[in-house]
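Let us read a structure together, one feature at a time. Have the sequence and the model at hand.

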Amino acid sequence: MVLQSCQKSSQMSIQQPALVWGIALWASLGSLGLLGPEAINAQSLPSDQSTFTLAQFVSGCPRAEVIEAYETPNFFAYICGAADGSVFYRGVDKSSGQQINVFGVSSGGDGTYYATNGDVTYTINPSQLQVFQNNRLILSEPVINR
């Protein structure tokens, strides 16, 4: 298993909370069929003494097709197409590695995608990522890379 080999490497260190979070994430995504061992490229593992989280190595849409990919100063955002035809939003926090997958994405004619998870709605288009909670804007960041 990739996580075990990362733990044993003398060239890398993992903070325990990140490891626990990574194992939980690995198990939950695996049970959804969204992540398998092939989703991590072992050559992309850092060779220095840095700490890392699993999300740094899982980019794009594991076991799904990347429809759109965006980067903001603090997040990676993806619109993904699953094999069953469903479309989902995947957001990854660059600093913590935390991520969310929201199924049931809709799109507007202007290139904006909408993903709603309870009272939180994520909107992404080529110019910005916005997050609304209870219809109130709580985050807005420009897209810096596509």
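Q: Which backbone nitrogen does the side chain of Asn-125 reach?
A: That of Gln-128, at 3.0 Å. A polar contact is a pair of N or O atoms within 3.5 Å; within protein, one must be able to donate a hydrogen and the other to accept it, and residues adjacent in sequence count only if both atoms are side-chain atoms. A polar contact of 3.2 Å also joins the side chains of Asn-125 and Thr-112.

Q: What kind of model is this, and how are its residues numbered?
A: The model is predicted: local features need pLDDT of at least 70, side-chain atom pairs count only at pLDDT 80 or more, and totals for chains, interfaces and linings use all residues. Numbering starts from 1 along each chain as its sequence is written, and side-chain values use heavy atoms, leaving out hydrogens and water.

Q: Is Asn-125 buried or exposed?
A: Buried means under 20% relative accessible area, exposed over 50%, partly exposed in between (1.4 Å probe, protein chains only). Asn-125 has 14%, so it is buried. Asn-125 lies in the loop between strand 7 and strand 8. Strands here are DSSP runs of E, at least two residues, numbered from the N terminus.

Q: Which residues does Asn-125 touch, beyond those up to four places away in sequence?
A: Contact means heavy atoms within 4.5 Å. Asn-125 touches Tyr-70, Gly-111, Thr-112 and Val-143.

Q: In what order do the five strands form the open sheet?
A: Strands of a sheet pair through backbone hydrogen bonds, either parallel or antiparallel. Two strands pair if DSSP finds at least two bridges between them. Here the order is 5-6-7-8-9, with antiparallel pairing. Strand 5 (106–107) and strand 9 (136–142) are the edges, each pairing on one side only. Two bridges join strand 5 to strand 6 (residues 113–117). Ser-106 has Tyr-114 as its bridge partner in strand 6.

Q: How many aromatic pairs does the structure hold?
A: Rings of Phe, Tyr and Trp (its six-membered ring) pair if their centres lie within 6.5 Å; planes under 30 degrees apart count as stacked, over 60 as edge-to-face and the rest as tilted. The structure holds two such pairs. One of them joins Tyr-89 and Tyr-122: centres 5.0 Å apart, planes at 20°, so this pair is stacked. Tyr-89 is in strand 3 (residues 87–93) and Tyr-122 in strand 7 (residues 120–124), 33 residues apart. Both are buried.

Terms used. Helix = DSSP H or I, 4+ residues; strand = E, 2+ residues; numbered from the N terminus.
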